[in-house]
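Student: I would like a close look at a single part of this model. Please take me through it in one connected answer.

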Amino acid sequence: MAVIVDFIVQAAQMLLVLLLAPLLTGFVRKVRARLLRRQGPPLIQPYRDLVRLMRKDVVLAENASWLFRVIPYLIFAATWVAASLVPTFRTGLLFSWSADLIAIIALLGSARFFLALAGLDVGTSFGGIGSSREVMIASLAEPAMIMIVFTLALIAGSTQLSAMAGFLASSAVGLRVSLALALLALIMVAIAENARIPIDNPATHLELTMVHEAMVLEYSGRHLALIDLTASLKLLLYVSLIACIFVPWGLAPPGADLFALASALAAYVGKLAIGGFLLALFETSIAKMRVFRVPEFLGAALMLGLLATLLLFVSRGL
Amino acid sequence: MRGLTFDVAHLLAGSLVLVSFLELYQDRLYALLNMFAVHALILALSVAWQAYVQDAPHLYVTATIALVFKVIIIPVALHRIIVRLGIHREIETVVGVGSAMLLGMGLVALSMVVMLRVTPSADPLAREDLAFALSVVLLGLLLMVTRRNAVSQVVGFMSLENGLVLAATGAKGMPLVVEISVAFSILIAFIVIGIFLFRIRERFDTVDLRALDHFRGEQ
Amino acid sequence: MNLPFDAVTAVLVIPALAAAVLAALPGYRVTATLNVIAALLTFVAAVSLFFGRPQPGRYLLVDDLNNVFIVLTTFVGFTTSVFSASYIGHELETGRLTPTFLRFYHAMYQVLMFAMNLALIANNTGVMWVAIELATLTTVLMVGIYRTHEALEAAWKYFILGSVGIALALFGTILVYMAARPVVGEGLDAMTWTVLVTRADAFDPALLDLAFVFLLLGYGTKVGLAPLHAWLPDAHSEGPTPISAVLSGLLLNVALYALLRFKMLLALNPAALAPGPLMVTMGLVSLVFAAFMLYRRRDIKRMFAYSSIEHVGIITFAFGMGGALANFAGLLHMTMHSLTKSAIFFAVGHIAQVKGTQRIADMGGLTETNPVLGWGLVLGVVAIAGLPPLGIFMSEFLVVTSTFARAPWLAIILVFGVLIGVAALFLRLNTIAFGEPRGATAKAKASYAPMFAHLALVFAAGIYLPPVLVDWFQNVARLLG
Amino acid sequence: MVLFALAWVAVLIATAAAAIMAGDSARGRDAIYGATLIASLTLLAIALLALLRLDDAPSEAVLPLGIPWLGAHFRLDALSAFFLAVVNLGAAAASLYALGYGRHETAQRRVLPFYPAFLAGMNLVVLADDAFTFLASWEFMSLSSWALVVAHHHVPDNVRAGYIYLIMASFGTLALLLTFGLLAGPDGGYAFADIRAEPRSPTLAAAILVLALIGTGSKAGIVPLHVWLPLAHPAAPSHVSALMSGVMTKVAVYGFVRIVFDLLGTPAWWWSIPVLALAGVTAVMGVLYALMQHDLKGLLAYHTVENIGIIFIGLGLALAFKAAGMAWAAALALTAGLLHVLNHSLFKSLLFFGAGAVQTATGERDMEHLGGLIHRMPQTSFVFLIGCAAISALPPLNGFVSEWLTFQAILLSPQLPSWGLKFLVPAVGALLALSAALAAACFVKAFGVTFLGRPRTPAAERAVETDPFSLAAMFAFAALCLIAGILPGFFIDALAPAVQDLAGDRMPVQSDVAWLSIVPIAASRSSYNGLLVFVFMCVSGGLAAFAIHRLASDRLRRAPPWDCGYPDASPATQYSASSFAQPIRRVFGSAVFRAREHVDMPRPGDLRAARLTVELRDLVWETLYAPIAGAVAFAADRLNHLQFLTIRQFLSLVVAALVLLLLVLAIWP
C-alpha cells in the first residue's frame with residue numbers, strides 16, 4: 001500500500017516538474033520584462049512556444065548524423081530523471097535513493113556532454129564555439145558543484161538529498177560559515193549552469209557572445225522544443241535544489257497525509273516564485289561579462305566551495 | 001761473516017738504487033745506456049753474491065744471464081738503434097730532471113715506509129733487500145713515465161725488471177728464479193725487436209696522436 | 001681414481017701438440033678443421049674432469065674453483081674456433097690475411113689455449129705467472145696480425161702496458177713467497193697453492209697486503225679494471241674478432257681467477273687488510289667509468305670492449321663484497337658474461353664483414369637486411385644489458401639485492417652505473433638494428449651455430465640452473481669466503 | 001589451480017615460439033591469435049573460479065626454476081585472481097580484435113612472436129610469489145612490449161619512443177630491485193612468505209615505500225615518471241596499445257598494491273601523503289596534457305595517466321584509513337581503486353580498439369585530419385561513444401561508479417586523525433573533481449572532432465566500417481562497460497575477498513541490497529542504483545519520443561546547415577581539436593604549459609594567409625629529463641678524453657694508482 005502511494009507521489013513529482021518548468025521560465029521572463037518597464041510575454045508563452053515547435057517539422061542539416069537526432073531525447077531524459085529525484089514538496093521519494101546528489105550532478109553532466117557533441121555534429125563554426133565554451137564553463141562549474149556537495153554531505157553526513165533536507169530542516173544545524181559559502185557558490189554555479197546573465201544570455205543571438213544558444217543553433221522543430229523544455233527543467237531543478245537544501249521548511253515528510261502534501265506543494269510553488277523573482281532581479285541588475293572573465297567567476301565559486309569543505313574538515317577535527 | 005754478508009748485500013742493493021737515481025739524472029741517451037749497463041752490472045754482482053751467500057748455484061745462471069744479456073747485448077743493440085734512428089740527441093723529459101729526482105726521493109721514502117711496516121721478525125736481509133728492490137722498481141716506473149723517448153722507456157722498464165730480479169734473488173731459496181729471469185729476457189727481447197720493427201715509433205706519443213686523429217672515427 | 005688417460009695432462013698436451021702441428025701444416029681448410037677438432041678434444045677432456053679429478057700434484061691442481069673455469073675456457077675456446085673457421089675464411093677471400101699468417105694464427109690460437117689452461121691448472125704461483133705472460137705475448141701477436149698501422153699500434157700499446165702489469169704481478173708473487181717462506185719453509189712449497197691455503201693464517205699480514213696491492217694492479221691490468229684498462233678497447237677493436245671474443249670471454253676471466261686465488265689467501269689471514277674494499281672500489285670505478293665511455297663510441301667492437309670493462313667491474317665488485325650470495329652472483333655473472341660477450345662478438349664479427357666496416361654510423365636496419373644476425377645481436381645486447389629471461393639478470397639481481405641491504409650507497413652507485421650503461425648500449429643498438437638500412441647489405445656467409453649455442457645456454461641459465469652447477473658454484477663461493 | 005594457470009601461460013609461451021615460424025602467412029596469424037584468444041579465455045575462467053570460491057585457501061606452487069635454492073614460487077590468491085581476470089579479459093578482447101586488425105599489420109613478423117610473450121609476461125607477474133620471479137616477469141613484460149613498440153621501426157619516433165620506454169622501464173625495475181633488496185634483507189629471503197614474516201624498522205619501511213612508488217609508478221605512469229607512456233603506447237600496434245594502456249599499467253598497480261598493502265605490513269599515517277599528492281597531480285596533469293593533444297592515440301595514452309591518478313587516489317585513501325585503523329573505510333577506498341582498475345581496463349581498451357579501427361580505415365591518427373566518421377563507420381563510432389561516455393564518468397556507465405565510490409571514500413576522510421591529511425584530502429578531492437570534468441571536455445573533443453562534423457581530409461571521406469572481429473571485441477567491451485555500470489554490486493562483491501585480505505575488512509554485501517543498488521556504508525548515507533537510473537532514462541526518453549512522434553509531428557526535412565546564415569563551404573572552417581581546446585588552454589595552459597599564442601596577421605591588402613601558432617612547453621621534460629640527459633652527455637664528453645691519452649700517459653695512470661695504493665698501505669692503521 002505504502003509503496004503504491006510512494007509510487008504515485010513519485011509519478012506526481014515527475015509530472016509536476018515537467019509541467020512547472022516552462023511556467024517558471026515564463027515567470028522569470030515576465031518579471032524581467034516588468035523590471036525593464038516592458039509588458040513582457042504572458043506567463044504561458046513558453047507552453048505556446050513548445051506546442052508550436054512540436055507541430056513544426058524538423059529541418060535537419062544535410063550532414064547531421066543519427067546522433068544529432070537522438071541527443072534531444074537523451075538530454076531530456078537525463079535532465080528529467082535528475083529533476084524528478086530532487087525533493088520538491090515531499091522528501092523520501094520512492095526512487096530518491098537510486099541516485100544521490102553526486103549522481104544527479106553527473107546526470108546533468110551527461111546531458112551537457114551530449115549537448116556539446118550535438119554542437120559539433122553538423123560541423124559549423126558556431127556550434128564549435130558553443131561547445132568549446134560550454135565544456136570550458138563546465139570544467140570549472142562541475143568541480144565547484146562537487147565541492148558544494150562535499151560541504152553539504154559533510155554537514156548532513158549523507159549525500160542523499162532527502163537525508164540532507166531532513167537534517168538541515170532539523171535545528172541541529174545552526175548557522176555555519178561553510179553553509180553560507182556553499183550557498184553563495186551554489187548560486188554562482190546555478191547561474192553558470194543555466195546560461196543566465198552574467199555568464200550567458202538565453203535571449204541573445206549575437207554570435208560571438210552566445211554559448212548555449214550557439215550549440216543548439218542547428219536544432220529546429222520538436223528537437224528544439226525538447227531542448228528548450230530541458231533548459232527550463234534544469235532551471236527548475238536548480239531552484240528547487242537550492243530550495244530544498246537551504247529552505248527545507250515546509251517539505252512534507254514521508255507518509256504525510258493529503259493536506260500536508262497540499263500545503264507542502266503550495267510552499268514549493270512559493271519558493272519557486274521567490275527564487276524566480278530573485279533570479280530575474282539579479283539578471284536585470286548586472287551586465288553580462290566577457291567570455292574569458294567567466295573562468296575567474298567560476299574559479300571564485302570553486303575556491304568558495306573548497307574553502308567551505310576545508311573549514312568543515314578542520315572543524316571536524318576540533 | 002753474518003755482518004759481512006749483510007753489509008755487502010746491503011751495499012750492492014743500495015748502490016743499485018743509487019744508479020737508478022743516476023739514470024733518472026741523465027739527459028743524453030748514450031749516457032743513459034751506459035748508466036743502465038752499470039745498473040745491470042751491479043745487479044749481476046748482487047745476484048752472484050746472493051748465490052754465494054745462499055750457496056744456490058742456479059742463481060749464478062741468473063747472474064750470467066744478467067751479465068751477458070743486459071750488460072752487453074741489449075745496450076749494444078740499443079746503441080745501434082739510436083744510431084739508425086739518428087736520435088742521439090737530448091732526451092725530452094716530461095718533468096725537469098730536478099723534479100724527477102724529487103719524485104724519486106718521494107718514491108724511495110714511500111717504499112721504505114711501506115717495507116718497514118713488515119714485522120721485524122722477517123729476516124732483516126730480505127727486508128732491506130725488498131725495500132731497495134721496491135724503490136728500484138718504482139724508480140724504473142718513474143723513468144718510464146717521465147721520458148718521452150722509446151729507448152729511454154725501454155731502459156726504464158729494464159731497470160724495473162732489475163729490481164724484480166733483485167727481489168727474487170733476495171727472497172731466500174725462491175724457486176723458478178732462473179725461469180722467470182729468462183722469461184723476462186724474452187719479454188725485453190720482444191720489446192727491443194719491436195723497436196727495431198716499427199722504427200717509425202721513435203716516440204710513442206706522436207704515433208698515438210696521429211693514429212687517433214684518423215683511424216678510429218672516435219671524435 | 002684413475003681414468004683411461006689423465007685428463008689434466010690432456011687439457012695441456014692437446015693444445016700444445018695441436019699448436020706444433022698447425023704451425024707445420026699449410027692450407028686453410030685442413031688447419032681450420034684441425035683447430036676445431038683440437039679445441040673439441042680439449043673441451044671433452046676438460047668436461048671429463050668433472051667426473052674424475054687426479055690428486056693435486058706439485059705443479060698441477062684441479063679443484064672446484066678452477067674446474068668451472070677450465071670447462072668454461074675450453075668450451076668458449078671450442079665454439080670460438082668454430083666461429084673463427086668461417087670468419088677467417090672470409091678474411092682470406094678479402095685478402096686481409098695471407099695463408100702464412102693464417103698458419104701462424106692457428107698455431108697461436110692453440111698456444112693461447114695452452115697458456116690459459118696452464119694458468120688455470122697451475123698449482124704454483126710462479127707457473128701461473130709464466131703462463132699468463134705467455135698468454136699475453138700470444139694475444140699481443142694475434143692482435144697485431146693484420147699488420148695495419150692501427151693493429152700494430154694497438155698491439156704495441158697492449159704489449160707495453162701488459163709487460164708493466166706482468167712485472168708488477170711478478171713482484172707481488174715474490175712478496176707472497178717471502179711472506180710464506182718463514183712459515184712453510186723455503187722451496188717450492190712456498191709457491192704451491194695447496195700448501196699456501198693451508199697455512200695462510202700464519203703469514204706476515206703486512207707483506208700480504210703489499211703483495212695484494214701489486215697483484216691487484218698487475219693482474220688487474222689483464223682484467224682490464226680502470227684505470228689500467230687502456231689496452232683493452234684498442235686490442236679488442238683492432239685484432240681479429242675471434243681474438244676479441246677470446247680476450248673478452250676468457251683472458252679477463254683467467255686474470256680474474258689469479259686475483260681470486262690470492263684473495264683467498266688474504267681472506268684466510270685474519271690480520272691482513274680485507275681485499276674487499278679495494279676490489280669494490282676498483283670495480284665500481286670501472287663500472288661507472290666504462291658506462292660513460294660507452295656513449296661516445298663509434299666503433300662497434302670498441303664499444304663492446306668497454307662493455308666488457310663494465311661487466312668485469314661488476315664481477316670484481318661482487319667478489320669484493322664477498323659472502324655466499326655475492327660470490328655466487330660473481331661466478332654466475334662471470335660465466336654468463338663470457339658466454340654472452342663472446343656471442344656478441346661472433347655476431348659483430350660477421351656484421352663487420354657484411355658491412356665492410358666497424359663504424360656504427362655505417363650500419364643500420366640490420367634486423368631488416370640480415371634478420372638472423374640482427375636479432376642475434378639484439379638478443380645479445382638484451383642479455384648483456386641484464387634483462388630477463390637471460391642469465392645476467394639473475395646475477396645482477398643477486399648482486400644488487402644482496403648488496404643493498406648491506407651497503408645501500410654502494411648498491412645505488414652500482415645501479416646507477418648499470419642504468420647508464422644500458423642506456424648507452426640501447427642508444428647504439430637502435431641505430432644498428434632498427435631504422436632505415438644503411439651501409440652494405442650483402443648476405444652473410446656466417447656460421448650462426450656458436451652464437452646461438454651461447455645465447456641458448458645463457459637463456460637456459462636465466463631460467464633454470466642445473467643443480468650440479470649450482471653445487472659447484474656454491475662450493476666455490478664458500479672457498480672464496 | 002595455479003598450476004592450471006601456469007600450464008596455460010606455458011601455452012602462451014609456446015605460441016610465441018611457434019609464432020616465429022608463422023612468418024607472414026595469414027593462416028599462421030589467425031592460428032596464433034586464435035591460440036592466444038583461447039588461452040586468455042581459459043585463464044580468465046580460471047581467474048574467475050579462483051575469485052568466486054571465497055573460503056578455501058589460495059593455491060600455491062613451486063617450480064624448480066629461477067634462483068636454484070629458492071625455486072620459482074607462484075600463488076593465486078584473491079588479489080592475483082582479480083588482476084589475472086583483468087589481464088586476461090583485456091588479452092582475450094585484444095586477441096579477438098587482432099584477428100581482424102592483424103590483416104592490416106605491415107610488420108607482422110615483428111609483432112606476432114612478441115604478442116603472446118607479452119601476454120605471458122603479464123600473467124606471470126600477477127602469479128609470481130617470490131621477488132625474483134616477480135621481477136623477472138615484470139622486466140620480461142617490459143621487454144616484450146618494447147619489441148612491440150619498435151615493431152614499426154621505420155618511423156624514427158617509434159624507435160625513440162621505444163628507447164625512452166626501455167630506459168624508464170629499466171629505471172623502474174632497478175628501483176624495484178632495490179625495493180626487494182630491502183624487503184628481502186642481506187641473506188636473501190626472496191619468497192614473499194618470508195618477506196611478510198620479516199619485521200622492519202619504520203625508516204626502512206619508509207625507504208621501501210618510496211622506492212616502490214618510484215618503481216611501480218614509473219610503469220604505471222605517475223607524473224613525473226610518465227614521460228615514456230604517451231610516446232610508447234601510441235607507437236605500438238593498436239591491439240598492443242590497448243593492452244599496454246588498459247592492462248599493463250594495471251599490472252603496475254598490482255605491483256604497488258602487492259608490495260605496499262601486502263608485503264610491507266601495517267602502514268604509518270604519513271604513507272598516504274606522497275601517494276595522494278602524486279596521485280592528485282597525476283590525475284589533473286594527465287588530463288590537461290590530453291586536452292592539448294590532437295593525436296588520437298596520444299590523447300588516449302595521456303588519459304591513462306589521468307586514470308592511474310584516480311586509481312592511486314583510491315589506494316592512497318585506503319592507506320590512510322588503514323593506518324588510522326578504519327578498516328571498513330579502507331575497504332571502501334580500496335574497492336573504489338580496484339573497481340576503477342577494472343573499469344579503466346574496459347573502456348581504455350575499447351577506446352584504443354576504436355582508435356585502431358579509425359587508423360586502419362583512414363591511415364590517420366591526427367584528429368585534425370579526421371572528422372565525419374560517424375557516417376562512414378556508424379558501429380565503430382557508436383561503441384567509441386560509449387567508451388567516451390564511460391571514461392568521462394557519466395552515469396549509468398561504469399566509469400561513474402568507481403569515481404562515485406572514490407568520492408564516497410573522500411567524504412569519510414574528515415574522521416582521519418592527522419592534520420596533514422585533513423588539508424590534503426579535500427584538495428585531492430577537488431583535483432579529482434576537476435580532472436573528471438576536464439575528462440568529459442576532452443572526450444567531447446575526441447569524439448566530436450574525430451567522428452562528428454565534416455571530413456577534413458579525403459582519407460576521412462573514404463573511410464569504411466571496420467571488420468567484424470574488431471567490432472565484436474569492441475561491442476563486447478561496450479556491453480561490459482554498461483553492465484559494470486548498471487550492476488556494480490556484483491563486481492564489488494567479487495572484489496570483496498581481495499579487499500578483505502588487504503584492508504582487513506570488506507564492504508557490506510551488495511548483491512542482496514534491494515533493487516540491486518549499491519550502498520557503500522549505509523542506505524541513509526549514500527546509495528546509487530545504476531540499473532534504475534538506466535531504466536528511468538530509457539523509459540522517460542522513450543516516453544518523450546513516443547509521445548512527440550505520436551501526438552505531434554514526426555516530419556523531417558533535410559536542408560543546408562543554417563549556421564546563422566553563414567554558409568561556409570570548406571570543412572576547414574570547422575572547429576579543430578586545438579581550437580576546441582583553446583578556451584581551456586587559455587584557462588590552464590599559460591600556467592601549466594607556458595602556452596604562448598603568436599598571431600601573424602597580414603596588413604589589409606596583403607594576400608598572405610594569417611597564421612596563429614600556439615607554443616606549448618612540457619615543463620616536466622624540460623625541468624627533469626633534459627638536465628639529466630645533458631649531465632650524462634657532459635660527463636661522457638669529459639671522460640671521453642681518456643680514450644686518447646698516449647701510452648706514457650696511461651702508464652702514468654698505472655703508476656699513480658700504484659703510488660696511491662702504497663700510500664694507503666703506508667697510512668693504514
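Student: How many helices and how many strands are there in chain B? Start there, then take me to the side of chain A that touches chain D.

Tutor: A caution to begin with: this is a predicted model. Chain B has eight helices and zero strands. Its pattern along the sequence is accordingly written α-α-α-α-α-α-α-α. Of the 219 residues in chain B, 45% are buried. Take the contacts in chain B between residues at least 6 apart in sequence: 73% of them join residues at least 24 apart.

Chain B does not touch chain A. The nearest C-alpha atoms of these two chains are 54 Å apart. Chain C makes no contact with chain A either, and there the closest C-alpha atoms lie 40 Å apart.

Now to chains A and D. Four pairs of chains are in contact, and the pair A and D shares the most contacts. On one side stand 76 residues of chain A; on the other, 73 residues of chain D. Several elements of chain A each give at least two residues to the side that touches chain D. The helices are H2 (45-55), H3 (66-85), H4 (101-121), H5 (125-156), H9 (221-246) and H11 (294-317). Strand S1 (58-61) joins them. H5(A) provides the largest share, 17 residues. By residue class, this side of chain A holds 45 nonpolar, 19 polar and 12 charged residues.

S1(A) pairs with strand S3 of chain D, residues 556-559. The pairing is parallel and runs over four bridges. One position shows it residue by residue: Val59(A) has Arg557(D) as its bridge partner in S3(D).

Back to H5(A), the helix with the largest share of the side that touches chain D. Leu140(A) lies in this helix. Is Leu140(A) buried or exposed? Count the other C-beta atoms within 10 Å: there are 26. The cut-off for buried is 20 or more, so Leu140(A) is buried.

What is Leu140(A) in contact with, once its neighbours within four places in sequence are left aside? The partners are Pro295(A), Leu298(A), Gly299(A) and Leu302(A).

Terms used: Residues are numbered from 1 along each chain as its sequence is written. Chains are lettered from A and ligands numbered from 1 in the order in which they are written. This is a predicted model: local features need pLDDT of at least 70, side-chain atom pairs count only at pLDDT 80 or more; totals for chains, interfaces and linings use all residues. Two residues are in contact if their C-beta atoms, placed from the backbone, lie within 7 Å. Ala, Val, Leu, Ile, Met, Phe, Trp, Tyr, Cys and Pro count as nonpolar, Asp, Glu, Lys and Arg as charged, and the others, Gly among them, as polar. Two strands pair if DSSP finds at least two bridges between them. A residue is buried if 20 or more other C-beta atoms lie within 10 Å of its own, exposed if 12 or fewer, and partly exposed in between; C-beta atoms are placed from the backbone.
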